[in-house]
Amino acid sequence: MTKNYVQTLVYKQHETDTFAAVLKNNGVGVDLTQYTIRRFHMNDGGEHAYTLTCTLNCTYQGNSVSGAQGGITVTVDRTSSSVTGDFDGEFEIGVTENNVEKTDRFPSGENYYKIRIIESVQGAT
């Protein structure tokens, strides 16, 4: 399996920050307001996996992008940035119908975000 990375994000260990993304399908922003499930998952392929908080709307490349246009902001917290290494990341959006979650992943196929957590100067704290 060949993984393709749409973007690489680098954080120091225990750093807190946010990043913005615009989710698109065939080049058109996905209306995220119709989905009740909005999550970002990151996993190092081993024992470390995290689910990060997402909120609608973002500022992407200097432009304000609404959730209706695919704009989403992800919060990286001290827990999700606690382990150094490379993580694959993807968005999961969907709805719950009749107590069953129906979700899609972004980006699709073998495409992922790469999240690299590097050791801070003071090391693990």
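This is a predicted model: local features need pLDDT of at least 70, side-chain atom pairs count only at pLDDT 80 or more; totals for chains, interfaces and linings use all residues.
I started with E101, which comes out as partly exposed at 45% relative accessibility. Salt bridges with shared partners put E101 into one network with R39, E90, E92 and R105.

**Entry: who does E101 pair with?**
I looked up its partner and got R39, in a salt bridge with 2.9 Å from N to O. E101 is in strand β11 (residues 100-106) and R39 is in strand β5, so I wrote down a link between distant parts of the chain, 62 residues apart.

**Entry: R39 again**
R39 also makes a salt bridge with E92, where the closest N and O atoms are 2.9 Å apart. This pair connects distant parts of the chain too: R39 belongs to strand β5 (residues 37-43) and E92 to strand β10, 53 residues apart. Is E92 buried or exposed? I found it buried, at 5% relative accessibility. R39 is partly exposed, with a relative accessible area of 23%.

**Entry: the whole count**
How many salt bridges does a search of the whole structure find? I got seven.

**Entry: D88 and K3**
I picked out another salt bridge, D88 with K3, and its closest N and O atoms are 2.4 Å apart. D88 sits in strand β10 (residues 85-97) while K3 is in the segment before β1 (4-12), so this pair ties together parts 85 residues apart in sequence. I noted D88 as buried, at 16% relative accessibility. K3 is partly exposed, with a relative accessible area of 33%.

**Entry: a cis bond**
Next I turned to the backbone. The peptide bond running from F106 to P107 is cis, and its omega is near -10°. Where is P107? I located P107 in the loop between β11 and β12 (111-118).

**Entry: positive phi**
I wrote down two asparagines here. N57 is not a glycine, yet its phi is positive, near 80°. I placed N57 in the loop between β6 (49-56) and β7 (58-60). Its relative accessible area is 41%, so N57 is partly exposed.

N99 isn't a glycine either, and its phi is positive at about 65°. I found N99 in the loop between β10 and β11. At 77% relative accessibility, N99 goes down as exposed, because the cut-off for that word is over 50%.

Note on methods: Residues are numbered from 1 along each chain as its sequence is written. Side-chain values use heavy atoms; hydrogens and water are left out. A salt bridge is a side-chain nitrogen of Lys or Arg within 4 Å of a carboxyl oxygen of Asp or Glu. Helices (H or I, at least four residues) and strands (E, at least two) are DSSP runs, numbered from the N terminus. Buried means under 20% relative accessible area, exposed over 50%, partly exposed in between (1.4 Å probe, protein chains only).
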